[in-house]
Amino acid sequence: MNSFKGKTVLITGGTRGIGKAIAQKFSSLGANIVINYVNSKETAEAMVEDIKRNGGNSLSIQGDVSSFEESKTIVEETIKHFGKIDILINNSGITKDNLMLRMLEDDFDRVIDVNLKGTWNMCKNVTRHFLKNKSGSIINITSVVALIGNAGQANYVASKAGVIGLTKSLAKEFGSRGITVNAVAPGFIETEMTSKLPDEAKAEYLKQIPLNRFGTTEDIANICVFLASSEASYITGQVISVNGGMV
Ligand SMILES: NC(=O)c1ccc[n+]([C@@H]2O[C@H](COP(=O)([O-])OP(=O)(O)OC[C@H]3O[C@@H](n4cnc5c(N)ncnc54)[C@H](O)[C@@H]3O)[C@@H](O)[C@H]2O)c1
């Protein structure tokens with residue numbers, strides 16, 4: 001098993017769902033964990049305490065990734081506390097689903113701002129630091145729907161497809177500097193985000209999954225650990241699908 005002792009992992013939106021599982025997994029492998037959150041201060045602080053109780057190192061930082069200034073602060077605070085960042089996981093994401101004819105301009109803008117601009121903000125602020133260190137790994141969480149489209153999610157799909165383009169471009173810009181940039185495209189993962197869907201919609205999704213189960217947050221955490229490990233040092237600019245065979 002990989003050890004991440006001495007490595008610092010910054011996870012955006014790390015207090016629940018996929019982000020929380022990623023934080024817990026890296027923490028179990030010895031990494032210093034930075035949990036970014038927007039509103040859930042108490043949950044974030046409880047996670048930090050939990051990690052420390054188990055012998056790990058952790059810090060929580062409030063900040064909205066859609067704000068360039070706040071993203072900058074998240075990166076600066078992490079470096080101030082742990083001295084460096086080795087792995088950035090852009091996990092924050094929101095949905096504001098509706099069919100095109102009913103989708104409001106504000107719902108398009110906000111989803112793009114958090115999912116795509118937020119990822120760009122974090123990448124922009126961390127890459128200068130990675131260049132100085134001549135190493136670093138960025139993992140952007142996109143989605144299976146970015147590969148195939150989805151009715152009722154034009155804003156979300158556009159944002160996540162944008163994240164794939166951003167990932168591939170940054171991989172080309174920074175490859176020669178020892179920095180890898182990859183994306184993970186989860187399929188249907190059981191979290192609070194997907195719990196909002198009606199039961200009939202979930203049943204329809206399940207029919208499309210050859211492995212006949214929804215994914216777990218650990219399924220996503222496991223691939224993030226691999227992509228951030230030295231075993232994956234020759235992998236960059238890729239989109240890794242974790243979807244039970246759905247696509
Ligand atoms: N659950 C799925 O089936 C699934 C499938 C494909 C992709 N994803 C993606 O995986 C990621 C995690 O999803 P999840 O299911 O755990 O969802 P979730 O809603 O449980 O978690 C999203 C996290 O992002 C945080 N967040 C929202 N806006 C933010 C902002 N402006 N700044 C900082 N943090 C912010 C939230 O507070 C929350 O902690 C998201 O990017 C999502 O789009 C999820």
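1. Start with the contacts. In the protein chain, 72% of the contacts with a separation of 6 or more join residues 24 or more positions apart. Keep in mind that this is a predicted model.

2. Next, the overall build. The protein chain has 9 helices and 7 strands. Its radius of gyration is 17 Å, close to the 18 Å that the globule rule gives for 247 residues, so the chain is as compact as a globular protein of that length. The C-alpha atoms fill a box of roughly 50 × 35 × 35 Å along the principal axes. Buried residues make up 44% of the 247 residues.

3. Now the core. The largest nonpolar core holds 57 residues, and Val 9, Ile 22, Ile 89 and Cys 224 touch the most other members. Helix α4 (residues 105-133) gives the most to this core, with 7 residues.

4. Take Val 9 as an example. What is Val 9 in contact with, leaving aside its neighbours within four places in sequence? The partners are Phe 26, Ala 31, Ile 33, Val 34, Asp 86, Ile 87 and Ile 89. Ile 89 is another of the residues that touch the most other core members.

5. The ligand site comes next. There are 27 residues around the ligand, and Gly 13, Gly 17, Ser 92, Gly 93 and Thr 191 come nearest. Three elements, α1 (17-28), α4 and α7 (192-195), each give two or more residues to this shell. By type, the shell has 10 nonpolar, 14 polar and 3 charged residues.

6. Look at helix α6 (residues 154-174). At 1.5 Å a residue, its 21 residues should span 30 Å; the end C-alpha atoms are 30 Å apart, so the two values agree. Its buried residues include Tyr 156, Val 163, Leu 166, Leu 170 and Phe 174. An α-helix has 3.6 residues a turn, so residues three or four places apart point the same way. The buried residues of α6 pack against α4, β5 (136-141), α5 (145-148) and β6 (179-186).

7. Finish with Leu 227, in helix α9 (residues 217-228). Is Leu 227 buried or exposed? Leu 227 counts as buried because it has 24 C-beta neighbours inside 10 Å, and the cut-off for buried is 20 or more. Leaving aside neighbours within four places in sequence, Leu 227 is in contact with Ser 137, Ile 139, Asn 182, Ala 232, Ile 235 and Ile 240. Leu 227 and Val 184 are 43 residues apart along the chain, yet their C-alpha atoms are separated by 9.2 Å.

Conventions
Residues numbered from 1 in each chain as written. Predicted model: local features only at pLDDT ≥ 70, side-chain atom pairs only at ≥ 80, totals over all residues. Helix = DSSP H or I, 4+ residues; strand = E, 2+ residues; numbered from the N terminus. Rg over C-alpha atoms; globule rule 2.2 N^0.38 Å. Buried ≥ 20, exposed ≤ 12 C-beta atoms within 10 Å, placed from the backbone. Contact = placed C-beta atoms within 7 Å. Core = buried A, V, L, I, M, F, W, Y, C linked by C-beta atoms within 7 Å. Near = placed C-beta within 6 Å. Nonpolar A, V, L, I, M, F, W, Y, C, P; charged D, E, K, R; others polar. Expected span 1.5 Å × (residues − 1).
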